[in-house]
Amino acid sequence: MKCTFTNPTDDICSRCTAGNYECHFPGRKPRSPGMRVVLQQQIREKNAMIDKVLSQVNPGPTMPTPLTLVPARLPLSDEERNKYRDVLAYLERSTTQAAARIGGDGRPKFDISALEDPSEVDSESEDEMEGVTSPGRAVSPKSDSRPMDTVLEVAAPTGIMALAALETRNITSKGTVTESSASDNSHGSVHDGGISNESYWLPGPATNLELRRLIVERQAAPDILLSGLVTPEDSYALFQIHYQWINPIIPILDENIHTPATVLARCPFLFTVICTVASRYYDEKPHIHGMAIHFAKAAAANAIIDGWKTVEMCQAFALWSVYNPPARRWEEDRAWCYTGIAFRLGSELSLSRIPEGQPSDERKERENHNRTRMWLMCYIMDRCLSIQSGKAWMVQEDVTIRGACQWLQRYKYHNACDGYLVSLTELLCIMSRFVGTVNPAFGTGSVESIGDIDFSALYKAYDDELLAWKSVIDDRHKGEKTSKEPAVRMQITLINCVYNYCRLVICCVGMQLMSKRPSTKKSGEVFAGCVQAATTLVKLMVEDFVPTGFVRYFPELIYVHAAFAAVVLMKCLRPEYNAYLDIQDEERIIELVKKLVEAWASDKINLDEKHNTQLYARFLKQLMDPHITRLAERKARAAAQQQSSMHPSVNTNVHMSDHTAASMATTEDQPHQHQQRQHQQQPQQQQPITPITPDSASSMFGGPDAAALGLGSLYATDLDVSKAAADLAAAGMVPAGGWEQFFPSTDGASQSDGSTGGIGAMAGMAGLGGMAGMSMSGAGPDGITEIGGTWPGGLSSDECLAAMMGLGNETWFF
């Protein structure tokens, strides 16, 4: 009988109520499961089987230490916590599942195919048939070498032990199983780690790119994707930013093999770093960068503890080292540590080893280039940081470094940036030999003391070598300076920037050494070299780099070049060097540095107040303000003296001018005031207020011929340096027209005062006062602190510069 209910809420149907029967309602019969439910159950079972097999293939480190971000400990404001509430909720959930993540269970999974371009996937099989690179799914390259050759040196003691273990294992696998080996196998679960483990010398799952991709998808997907902070659509845009603006500067990736999908499949840490760095310039979603930094730092910590040792990890640490956020103090900066990890990984992975023979296809050749390119980049970064900080380098100059040019000419499938890397490598090889000679940190010099170095001969030798390199580079990169591609123009400009930076460092070493030997006749030549190299660096930043649009994307390593040049120019404004520069020259220096500050502070370049350009602009402004004040006082004294010399008949004005000048002048100006009063008594013999001309200089100084002391071909042809100016600078005299060829002309520049460039001032330039003119702190002879202002913590601006650049008061090249 079918039960019928008048009221759906009744417990007994209407028929049973009328017949006074006991109502039994069995309910609906269970339906058979549909096909979808069956398939879902099968998928779950397959997933469980795959996870079990992966846990056996990739058991993880012996003692894994998972690190997770704790939302409560993140330094976020209430507004930021509201903005990142979904991301923080994910982190809260992941924290509770940290224990299960050790074996991969409970870890959210991510399908890497969501990042693949469908057109690339469709053409993948066809490309592989032809042996052409497919930027889609990565394929593990086959290798004929032994598995341990890529990591261990066979001739080293460790390599010999590894070969012995592998040979013994091969014999055992053929049937000659000994009693001891059987006993070891039976207790294999006890000896999980150490050299006695059977798999100790065998390559791990990271050597197989397909297996590595599967592990990443199921066990190691990056939190920056799982949290939803970066979506697959965002990753496409971020990688475009990277390849357009960042990779031309730090060219460590090959766009043909490093797509978003392949990078994620190979190294989640590298994927996180690329997204984090590019998100700084992602205008559509600027809020991503603040939280992405925490994911990148956590990924770096996990990579150090438990990550795979691969070339992609080396690339990730190198990229993160130059683009990590600015530190509040120098001692908190981690750039040196990150680069050290990258360099050690490169050495351990033998990235310097170029495989013998020709690759069988394009993919293998590009994979080989990827390793060699990263090794060249390690060498360049190591040398730049070492020269900047005065510390010993880590990457040694090996056969691959010395033969970089042959590597460039030997293979076919090179990136456009490879020539740029080779040129920088050759330049830094030259500079490394110079630094090894004069830097006490290396102890490679052939002289017992730095003071015993014949710098004139050393300067000439390295100048000739640099000029020879410059001629080769001009031929190699012919026409690139006028290229329509901004990246190409930026790279050739950066080569010239590093070239002039090296010349500036050499000249600074010369100023230090020659200040201890005042009898030298080359101090003017070295001073001219400092001025020219520093001016060229500032001009390259303002006139060449800015139009390319790459300045806002530069790492701090490049900003330091122009900042250091600006500091050297401002050091040249000290009264000790008045014999070389007049008031007009000083005004041109100030104007040039102002242009640099204005360019860096421009809204077109700046992202926010924390951007490196804004930080360096404020820093240089602090250093420049005291010089502007002192120059204004010097111009006031010169104007007062000029006015008093033009009106000698008015006694009151004369006495007032003398009194004003005497109250403002310092000890260095007293001889010049005496000369000026003689001019007041004989106004008909007034001399024009101009620097010493070549004719007057040759008649006033009975020294050697100016041509004999000329600079010749010391400088590159980028600047229009007249021979007369260079000759007189070498002789310690100011040329006619000043140093106008070094600085852009300024409107309304006041006339210079002859008292600042007379014989008395130049007589005091012979010794340069030790290193008073080039030291990192102290005050000038006029009692005015040359570098004013203080930074947080009570540091003076000089001390802050020394800290930022890793310099001390006894810096080897300053």
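Tutor: Start with Y616, which is buried, with a relative accessible area of 4%. Buried means under 20% relative accessible area, exposed over 50%, and partly exposed in between (1.4 Å probe, protein chains only). This is a predicted model, where local features need pLDDT of at least 70 and side-chain atom pairs count only at pLDDT 80 or more, while totals for chains, interfaces and linings use all residues. Residues are numbered from 1 along each chain as its sequence is written, and side-chain values use heavy atoms, with hydrogens and water left out.

Student: Which aromatic cluster is Y616 in?
Tutor: Y616 forms one aromatic cluster with F545, F554, Y559 and W600. Rings of Phe, Tyr and Trp (its six-membered ring) pair if their centres lie within 6.5 Å; planes under 30 degrees apart count as stacked, over 60 as edge-to-face and the rest as tilted.

Student: And Y559, buried or exposed?
Tutor: Y559 counts as buried, because its relative accessibility is 1%. Y559 and Y616 make a tilted pair, 6.2 Å centre to centre with 35 degrees between the planes. Y559 is in helix α24 (residues 556-571) and Y616 in helix α26 (residues 612-646), so the pair ties together parts 57 residues apart in sequence. Helices here are DSSP runs (H or I, at least four residues), as are strands (E, at least two), numbered from the N terminus.

Student: How many aromatic pairs in the whole structure?
Tutor: A search finds 18. One of them is F269 with F317, edge-to-face at 4.9 Å centre to centre and 65 degrees between the planes. F269 sits in helix α13 (residues 268-279) and F317 in helix α15 (residues 311-323), 48 residues apart.

Student: Why does F317 count as buried?
Tutor: Because its relative accessibility is 0%.

Student: New topic. At what angle do α16 and α17 pack?
Tutor: About 145 degrees, with the axes of α16 (residues 335-348) and α17 (residues 362-389) 10 Å apart. Axes are lines fitted to C-alpha atoms, for helices over the stretch in contact, and angles run from 0 to 180 degrees between N-to-C directions.

Student: Which residues meet there?
Tutor: Among them are W336 and F343 in α16, and W375 and M381 in α17. Contact means heavy atoms within 4.5 Å.

Student: How many helices are in the chain?
Tutor: The chain has 32 helices, along with two strands. Of its 814 residues, 49% are buried.
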